[in-house]
Amino acid sequence: MKIRFCIAAVLCALLVAAPGFARQSHAAKTHAAKKSHRTTEQAAGNESVDVPGKVIQEPNAFHGVKWGTPMAAVPDLTVVEKDGQAAYATVAGVVYRIGDAFLSDVVYGFCQSKFAAVMVEYKGRKAHESIRNFLTAKYTKPLEMDGRPDDLAWPLGNVFIRMSFSKEKDTGSLSYFYQPLFAPCAGPDGNKAAQ
């Protein structure tokens, strides 16, 4: 009987005190959220991408098309090539922008009919620098592949971004690969679609 009385007394005390705790907790949460928002705004103005501990989120989409989207759900696609489980498609007349570079030849890669990669070609050193600076500011400093400053990579969780530029041709390419979906279509050398 004593246990029931103690439990009832504790419950009554909690019911009486809970509204006060809730108001205090809500006020504390609001203050913390405002403080966090101000800190984020201040950091965004002079953010350094090389700050240890910066949380980098992998991109979950490319220009609004989320990884894993079925090919049939992407409007105005024209399939330009099929290779085993992989299909490559374009959308005519669409111009994309990354940084200050405008890109019109975008190829979407689908593996097992799910959006898994995108490849873009661009012209000129200015476009290359603009895209590189945009990605560096958004994510982090890229890795140089094989010590070549024009062959860059951003490994971001499940997404691998690759960028390369040819001085001789004055052209470059940018690719995003969503590895969990792209892997079944990549052969042993990583380039050929599985048969």
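Student: What should I know about the source?
Tutor: This is a predicted model, where local features need pLDDT of at least 70 and side-chain atom pairs count only at pLDDT 80 or more, while totals for chains, interfaces and linings use all residues. Residues are numbered from 1 along each chain as its sequence is written, and side-chain values use heavy atoms, leaving out hydrogens and water.

Student: OK, how many bridges do E10 and E11 pair over?
Tutor: 6, in the antiparallel sense; two strands pair if DSSP finds at least two bridges between them. Proline 155 stands opposite phenylalanine 160 in E11.

Student: And which way do E11 and E12 run?
Tutor: Antiparallel, joined by 8 bridges. Isoleucine 161 has tyrosine 176 in E12 as its bridge partner. That hairpin, E11 to E12, has 4 residues between the strands, and aspartate 170 takes a positive phi near 55° there.

Student: Which residues make up the covered face of E11?
Tutor: Val159, Ile161, Met163 and Phe165. Phe160, Arg162, Ser164 and Ser166 are on the uncovered one.

Student: Switching topic: which cysteines form a disulfide?
Tutor: Cysteine 111 and cysteine 185, with sulfur atoms 2.0 Å apart; the definition asks for a pair of cysteine sulfur atoms within 2.5 Å. Cysteine 111 is in strand E7 and cysteine 185 in the segment after helix H3, 74 residues apart.

Student: Is cysteine 111 buried or exposed?
Tutor: Buried, at 3% relative accessible area, and cysteine 185 is buried too at 4%. Buried means under 20%, exposed over 50%, partly exposed in between (1.4 Å probe, protein chains only).

Note on methods: Helix = DSSP H or I, 4+ residues; strand = E, 2+ residues; numbered from the N terminus.
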